[in-house]
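Please look through the sequence and the model below before reading on. The report that follows takes up the helices, what covers them, and a loop.

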Amino acid sequence: MPAESREEAYGRALGRVLAHELYHVFAKTINHGSCGVGKSKFTVEELLSVSLQFDAGESLALRTSETHTALERAGILKGTSSFSAEHF
Ligand SMILES: [Zn+2]
């Protein structure tokens, strides 16, 4: 893999791990899902795939979280109705 591609892959994988950890913080949960960003473990393919989404339960937990409410009140999440890895 060329150096530029390795950097991009590393950044994408790191972003996915960060999204996972922020999910725990914002949703105030230690639980893991069976698919999506909330899984307890990721394969290399998942870390490097074009898209990795939150599942419906994770998305609901984030939309109903205190953090989401606070960000909406601050005008930071205007009209945001779903979360996906692209948000991170
Ligand atoms: Zn976790």
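What covers the buried residues of α1? The cover includes α3, where covering rests on contacts, and two residues are in contact if their C-beta atoms, placed from the backbone, lie within 7 Å.

## The model and its elements

This is a predicted model, in which local features need pLDDT of at least 70 and side-chain atom pairs count only at pLDDT 80 or more, while totals for chains, interfaces and linings use all residues. Residues are numbered from 1 along each chain as its sequence is written.

The protein has four helices and zero strands, and from the N terminus on its elements run α-α-α-α. Helices (H or I, at least four residues) and strands (E, at least two) are DSSP runs, numbered from the N terminus.

## The helix α1

With 25 residues, α1 reaches 36 Å from its first C-alpha to its last, close to the 36 Å expected at 1.5 Å a residue; the expected span is 1.5 Å times one less than the number of residues in the helix. The buried residues of α1 are His20, Tyr23 and Ala27. Here a residue is called buried if 20 or more other C-beta atoms lie within 10 Å of its own, exposed if 12 or fewer, and partly exposed in between, with C-beta atoms placed from the backbone. After α1 comes lysine 28, whose phi is positive, near 50°.

In α3, the residues Glu58, Ser59, Ala61 and Leu62 are buried. They lie on the same side of α3, because they cover an arc of only 160° around the axis, the arc being that of the directions from the helix axis to the C-beta atoms. The cover over the buried residues of α3 includes α1 and α4 (66-73).

By contrast, α4 itself is hardly covered, since the count of buried residues among its eight residues is zero. Glycine 75 follows α4 and has a positive phi, near 80°.

## The nonpolar core

Tyr23, Ala27, Val37, Leu52, Phe54, Ala61 and Leu62 are the seven residues of the largest nonpolar core, a set of buried Ala, Val, Leu, Ile, Met, Phe, Trp, Tyr and Cys residues joined through C-beta atoms within 7 Å. At least two residues of this core come from each of α1 (3-27) and α3 (56-63).

## A loop residue

Isoleucine 30 lies in the loop between α1 and α2 (44-48). Isoleucine 30 counts as exposed because it has 6 other C-beta atoms within 10 Å.
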